[in-house]
Amino acid sequence: YPESAKAYNLRAGAYFWLKNFEQAIADYTKMLEFDPDYAFAYYWRGRAYKELGNEAKAQADFAKAKQLGFEN
């Protein structure tokens with residue numbers, strides 16, 4: 001990955017743990033622009049959506065992560 005992709009991924013994780021879920025979603029989404037098959041980003045973006053109460057988007061991301069081979 002380019003360094004910028006790694007930076008988005010790391011920053012998204014930090015935002016998630018700081019409970020800034022909107023920004024985590026934005027950064028995971030940006031990471032997925034670099035690699036649309038990155039299952040880890042779909043899983044964690046789904047977790048952020050779930051924290052915000054958006055169950056439909058959360059389940060869609062969890063399903064995509066699973067399709068790409070992510071095992072929780």
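Reader: In this predicted model, how are helix 1 and helix 2 oriented relative to each other, roughly parallel or roughly antiparallel?

Author: In the predicted model, helix 1 (residues 3–17) and helix 2 (residues 21–34) pack with their axes 8 Å apart and at an angle of about 155°. Angles over 145 degrees fall in the antiparallel class, and therefore the relation of helix 1 to helix 2 is roughly antiparallel.

Reader: What is the handedness of the crossing of helix 1 and helix 2, and how do the residues of their contact divide by class?

Author: Helix 1 passes helix 2 in a crossing that is left-handed. On the side of helix 1, the contact is made by Ser4, Ala5, Tyr8, Asn9, Arg11, Ala12, Gly13, Tyr15 and Phe16, while helix 2 brings Phe21, Gln23, Ala24, Asp27, Tyr28, Lys30, Met31 and Phe34. Sorted by class, the residues of this contact between helix 1 and helix 2 come to 10 nonpolar, 4 polar and 3 charged.

Reader: Is Ala12 buried or exposed, and which residues does Ala12 touch once those up to four places away in sequence are left out?

Author: Ala12 has its place in helix 1, and because its relative accessibility is 0%, Ala12 counts as buried. When residues up to four places away in sequence are not counted, the residues that Ala12 touches are Ala24, Asp27 and Tyr28.

Reader: Which residues is Asp27 in contact with, leaving aside its neighbours within four places in sequence?

Author: Asp27 is found in helix 2, where its relative accessibility of 2% means that Asp27 counts as buried. With neighbours within four places in sequence set aside, Asp27 is in contact with Tyr8, Arg11, Ala12 and Tyr15.

Reader: What is the C-alpha separation of Gly13 and Leu32, and does Gly13 count as buried or exposed?

Author: Gly13 lies in helix 1, and at 17% relative accessibility Gly13 counts as buried, because the cut-off for that class is under 20%. Along the sequence Gly13 and Leu32 are 19 residues apart, and in space their C-alpha atoms are separated by 14 Å.

Reader: How is helix 2 oriented relative to helix 3, roughly parallel or roughly antiparallel?

Author: The axes of helix 2 and helix 3 come within 9 Å of each other and cross at roughly 155°. Given that angle, helix 2 is therefore, relative to helix 3, roughly antiparallel.

Reader: What is the handedness of the crossing of helix 2 and helix 3, and how do the residues of their contact divide?

Author: For helix 2 and helix 3 the crossing is left-handed. Helix 2 contributes Phe21, Ile25, Tyr28, Thr29, Met31 and Leu32 to the contact, and helix 3 contributes Ala41, Tyr42, Trp44, Arg45, Ala48, Tyr49 and Glu51. The residues of this contact of helix 2 with helix 3 divide into 10 nonpolar, 1 polar and 2 charged.

Reader: Which residues does Ile25 touch, not counting those up to four places away in sequence, and how far are the C-alpha atoms of Ile25 and Arg45 separated?

Author: Ile25 lies in helix 2 and, because its relative accessibility is 11%, counts as buried. Beyond residues up to four places away in sequence, Ile25 touches Arg45, Ala48, Tyr49 and Leu52. Ile25 and Arg45 are 20 residues apart along the chain, and their C-alpha atoms are separated by 5.3 Å.

Reader: What span does helix 3 reach from its first C-alpha to its last, and which helices do its buried residues pack against?

Author: Helix 3 (residues 39–51) has 13 residues and reaches 19 Å from its first C-alpha to its last, close to the 18 Å expected at 1.5 Å a residue. Its buried residues are Ala39, Ala41, Tyr42, Tyr43, Trp44, Arg45, Gly46, Ala48 and Tyr49. The helices against which the buried residues of helix 3 pack are helix 1, helix 2 and helix 4 (55–67).

Reader: How is helix 1 oriented relative to helix 3, and which residues of the two helices meet?

Author: The axes of helix 1 and helix 3 come within 11 Å and cross at roughly 25°, and therefore helix 1 is roughly parallel to helix 3. Helix 1 passes helix 3 in a left-handed crossing. The residues that meet are Asn9, Phe16 and Trp17 in helix 1 and Phe40, Trp44, Arg47, Ala48 and Glu51 in helix 3.

Technical notes: Residues numbered from 1 in each chain as written. Predicted model: local features only at pLDDT ≥ 70, side-chain atom pairs only at ≥ 80, totals over all residues. Heavy atoms only, no water. Axes fitted to C-alpha atoms, helices over the stretch in contact; angles between N-to-C directions. Helix = DSSP H or I, 4+ residues; strand = E, 2+ residues; numbered from the N terminus. Parallel < 35°, antiparallel > 145°, perpendicular 65-115°, else oblique. Left-handed = near helix turned anticlockwise from the far one by under 90°. Contact = heavy atoms within 4.5 Å. Nonpolar A, V, L, I, M, F, W, Y, C, P; charged D, E, K, R; others polar. Buried < 20%, exposed > 50% of the residue type's maximum accessible area, 1.4 Å probe, protein only. Expected span 1.5 Å × (residues − 1).
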